[in-house]
Amino acid sequence: MIRTRGLTRNFRVGKEVVEAVRGVDIDVAEGELVALLGPNGAGKSTTLRMLTTLLEPTSGTAVVAGHDVCAEPARVRRGIGFVGQGHGAGDDQRAGEELYTQGLLYGLDRRTARRRSGELLDMLELGSAADRVVTKLSGGQRRRLDIAMGLIHEPGLLFLDEPSTGLDPHSRANLWEHITGLRERLGTTVVLTTHYLDEADDMAERVLVIDHGSVIADGTADELKGKVSGDLVAFSVPDEEHARAGAGVAERTLSSGAAEVVTAPGREPEVRLRVERGDTVLPELLRALDSAGVPLLTVRVQRPTLDDVFLTLTGRSLREEKA
Ligand SMILES: Nc1ncnc2c1ncn2[C@@H]1O[C@H](COP(=O)(O)OP(=O)(O)OP(=O)(O)O)[C@@H](O)[C@H]1O
């Protein structure tokens, strides 16, 4: 469905050249659901805009839905749907009419446009909203209308640029239910960008981690997490003296790497270590800390997250960058 080689896009800003996308190779097979995950400014939208023919690459190649984005942009556009970050729907139209008009714009005859509009409104639970003016829809309904507009011509490949940004958790979950249902019914290939870690983790079959315009990791969430060595085992103690003692006990007991003492204003110090199978070593660690008289306040074991993957690869946290 998608094959890029050395795809690159530079922007000239005054005298500076911003390398937004630096030679990425992406392969997406038919039917996959792939998330591009990365911090703000990583190059996700620019990549998507090149794949959807909205932006010309500076260099490199991209074949999307069977056609080259530079040589045959119109054919690429016919085979794909694109839901951008802003709202595609006009403001003063009724939702159902908006969708129908979009169908006509894609060259569907009136009957087909009417039928597909009805089907999509049903599928995305927008039936009751069809006669409402677009500005009167809720955020979730409006986003779903955008998605319906991207699907009216039944593309085999749908691009979604940050589909759930700005939605409340309930609407996000609802949107995902619809995207999942859509794939089951139509077999649509979906490529989306997100900076929600949990979204990429839970929903995507494959995650491409993008940073500074390059793909720095590519795999299932579990494969990526497998690159982080071990679980996080962390315990907090009342003061730094006990933290140092606790760190020593933990290192000796678990024969793991160095324990890190993390202090933050207004919080008790926390001792952190990475160990294989944190859940199985915890009883032994607790006994050792107890025997050594280290008073524990809290204890936690955390499986690696995609944020840990990003941290391991870049030394930075995606969460910090978002804040
Ligand atoms: N039209 C433009 N002119 C100049 N620089 C641009 C332009 N579009 C994007 N950039 C720059 O290219 C880089 C990548 O931007 P891009 O929007 O692709 O990132 P992103 O990962 O999609 O981020 P976000 O999550 O904020 O949308 C950024 O440094 C951005 O400032």
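The centres of domain 1 and domain 2, taken over C-alpha atoms, sit 44 Å apart. This is a predicted model, and its domain assignment puts residues 2–226 in domain 1 and residues 231–303 in domain 2. Along the principal axes, the C-alpha atoms of the protein chain fill a box of roughly 80 × 45 × 35 Å. Of the 323 residues in the chain, 39% are buried. As for contacts with a separation of 6 or more, 68% of them join residues 24 or more positions apart.

**Around the ligand**

The shell around the ligand has 13 residues, and those that come nearest are Phe11, Ala20, Lys44, Ser45 and Thr46. Strand E1 (2–13), strand E2 (16–24) and helix H1 each give two or more residues to this shell. H1 gives the most, with three residues.

H1 itself runs over residues 44–51 and is mostly covered, with eight of its eight residues buried. Lys44, Ser45 and Thr46 are on that buried list, along with Thr47, Leu48, Arg49, Met50 and Leu51. After H1 comes Thr53, whose phi is positive, near 70 degrees.

**H5 and the cores**

Helix H5 covers residues 139–151, and its geometry checks out: at 1.5 Å a residue its 13 residues should span 18 Å, and the end C-alpha atoms are 19 Å apart, which agrees. H5 is mostly covered too, with 12 of its 13 residues buried. Charged side chains are on the buried list as well, including Arg142, Arg143, Arg144 and Asp146. What do the buried residues of H5 pack against? Their partners are strand E7 (80–83), helix H3 (95–105), helix H4 (110–123), strand E8 (157–161) and helix H6 (169–186).

| Helix | Residues | Detail |
|---|---|---|
| H1 | 44–51 | eight of eight residues buried |
| H5 | 139–151 | 12 of 13 residues buried |
| H11 | 306–314 | holds Thr312 |

Now for the nonpolar cores. The largest has 61 residues, and Leu99, Ala148, Phe159, Val207 and Leu306 have the most contacts inside it. H5 supplies the largest share of this core, five residues. A second, separate core has 16 residues, among them Ala250, Leu273, Val275 and Leu285.

Back in the largest core, Leu306 is one of the residues with the most contacts. Which residues does Leu306 touch, not counting those up to four places away in sequence? The list is Leu37, Leu197, Ala200, Asp201, Val207, Ala221, Leu224 and Lys225.

**Thr312**

Thr312 is found in helix H11. Is Thr312 buried or partly exposed? It has 16 C-beta neighbours inside 10 Å, so Thr312 counts as partly exposed; a buried residue would need 20 or more. Leaving aside neighbours within four places in sequence, Thr312 is in contact with Lys227 and Val228. His212 lies 100 residues from Thr312 in sequence, and the two are 16 Å apart in space, C-alpha to C-alpha.

Terms used. Residues are numbered from 1 along each chain as its sequence is written. Domain bounds come from an automatic or database domain assignment. Helices (H or I, at least four residues) and strands (E, at least two) are DSSP runs, numbered from the N terminus. A residue is near a molecule or strand if its C-beta atom, placed from the backbone, lies within 6 Å of it. The expected span of a helix is 1.5 Å times one less than its number of residues. Two residues are in contact if their C-beta atoms, placed from the backbone, lie within 7 Å. A nonpolar core is a set of buried Ala, Val, Leu, Ile, Met, Phe, Trp, Tyr and Cys residues joined through C-beta atoms within 7 Å.
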